[in-house]
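Morning, everyone. Let me put one chain on the screen and walk you through it.

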Amino acid sequence: MAGNTAQATQQPVKHFNLVRCVPVCLLTLIVLVGLAVLITWLVIRPKRLVYTLKNGSLQHFNLNNNHINATFDFVLMAYNPNTKTSVYYDSMESVVSYKDQTLAFDTIDPFHQPHRDTARVESKLVAQNLALSPSTFKDLRGEKSSGEIEVDVHYKSRVRFKVGMWKSKHRTLKIVCPSVKLHFSWSRHFENVPCEVEL
C-alpha cells in the first residue's frame, strides 16, 4: 500500500505519584489535628486544678524504742475551676512523710468531680509500731517536746478528664502539701497549706 502509513500518536501515561502524595497527606492531617486541638483548647480553656490542705490533726502519738505509733487525719479540699471539664479520680492514695521517711499511708475511694466543684477529701493514716531510723526518732522526739511536728503530705491519683462525651486516657496526678505543721495542743489552730500539683 503506497504512501506513508499513519502513525498512531501515543499520549504519555500519567502515573499516580504515591511518593509525593504521602507526605502531603500527612502534613494535611497534622495541620487538621493541630487546628482541632487549638479550637478545643480555645473552647474549653482548661484551668489548673487547685488543692489546699484545710485541716490536719495528730492523735495517739507515741515514740518508744525507735518505733512510732500515731494517727494522722487530713482534709484536702480539691477545687475544679473549669466550666466544661469534670474529673474522674479512679484511684487515690495519701502518704505522710517526715524527712523522706514514710510514716503512714491510706487509700481513698474513687470519686467523680463535676465542673466548678469543690470536693472534700478525707484521709486517716495510721502508723502502727513503725520502725524509725535512729536519727528520725531523735528528731521527732525533739520536735514533740516543742509542741508540734512538721511533715509532708503526698497524694497520688489516677485521673481522667471528661468534656462532653469525650474522656481522656488515664494520667497520673501528684499532689504535694509541704511543711505541714501538726500541733499536739488542741488550742492551736491548723494553718491552711496550699499544695503543689504535678500532672
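The chain has 2 helices and 11 strands. Helices here are DSSP runs of H or I with at least four residues, strands are runs of E with at least two, and both are numbered from the N terminus. Reading from the N terminus, the order is α-β-β-β-β-β-β-α-β-β-β-β-β.

Before going on, the ground rules. This is a predicted model, where local features need pLDDT of at least 70, side-chain atom pairs count only at pLDDT 80 or more, and totals for chains, interfaces and linings use all residues. Residues are numbered from 1 along each chain as its sequence is written, and side-chain values use heavy atoms, with hydrogens and water left out.

Now the overall numbers. The chain has 199 residues, and 35% of them count as buried. Buried means under 20% relative accessible area, exposed means over 50%, and partly exposed is in between, with a 1.4 Å probe and protein chains only. The chain exposes about 13400 Å², and carbon and sulfur atoms supply 56% of that. Those areas come from the Shrake-Rupley method with a 1.4 Å probe; for residues, only the protein chains shown count as cover. Next, contacts, meaning heavy atoms within 4.5 Å. Take the contacts with a separation of 6 or more: 69% of them come from residues 24 or more positions apart.

On to the helices. V22 sits in helix α1, residues 18–44. V22 is partly exposed, at a relative accessible area of 41%. Together with L26, L29 and V33, V22 makes a nonpolar surface patch of about 340 Å². The patch rule takes residues with over 30% relative accessible area and no salt bridge; like charges are joined within 9 Å, and nonpolar side chains (Val, Leu, Ile, Met, Phe, Trp, Tyr) within 5 Å.

Helix α2 covers residues 134–146, which is 13 residues. From first C-alpha to last, α2 reaches 19 Å, close to the 18 Å expected at 1.5 Å a residue. That expected span is 1.5 Å times one less than the number of residues. Which residues of α2 are buried? They are T136, F137 and L140. Down the axis of α2, the buried residues fall within an arc of 100 degrees, so they line one face of the helix. The arc is taken from the directions from the helix axis to the C-beta atoms. As a reminder, an α-helix has 3.6 residues a turn, so residues three or four places apart point the same way. The buried residues of α2 pack against β1, β2, β3, β4 and β7. On the face turned away from that buried side, α2 carries the exposed residues P134, K138 and S145. Just after α2, G147 takes a positive phi of about 100 degrees.

Next, salt bridges. The rule is a side-chain nitrogen of Lys or Arg within 4 Å of a carboxyl oxygen of Asp or Glu. By that rule there are 5.

First up, K124 and D73, with the closest N and O atoms 2.8 Å apart. K124 is in strand β6 and D73 in strand β2, so the pair links distant parts of the chain, 51 residues apart. K124 is partly exposed at 45% relative accessibility. D73 is buried at 17%.

Then D90 and R160, at 2.6 Å, N to O. This pair also links distant parts of the chain: D90 is in strand β3, R160 in strand β7, 70 residues apart. D90 is partly exposed, at 27% relative accessibility.

Then R188 and E148, at 3.3 Å, N to O. R188 lies in the loop between β9 and β10 and E148 in strand β7, so the pair ties together parts that are 40 residues apart in sequence. R188 counts as partly exposed at 43%, while E148 counts as buried at 17%.

F105 is in strand β4. Is F105 buried or exposed? Exposed, at 60% relative accessibility. Leaving out residues up to four places away in sequence, F105 touches S94, V95 and L125.

Last, backbone angles. H60, in strand β1, has a positive phi near 50 degrees and is not a glycine. H60 is exposed, at 61%. N66 is not a glycine either, and has a positive phi of about 60 degrees. N66 is in the loop between β1 and β2, and is partly exposed at 28%.
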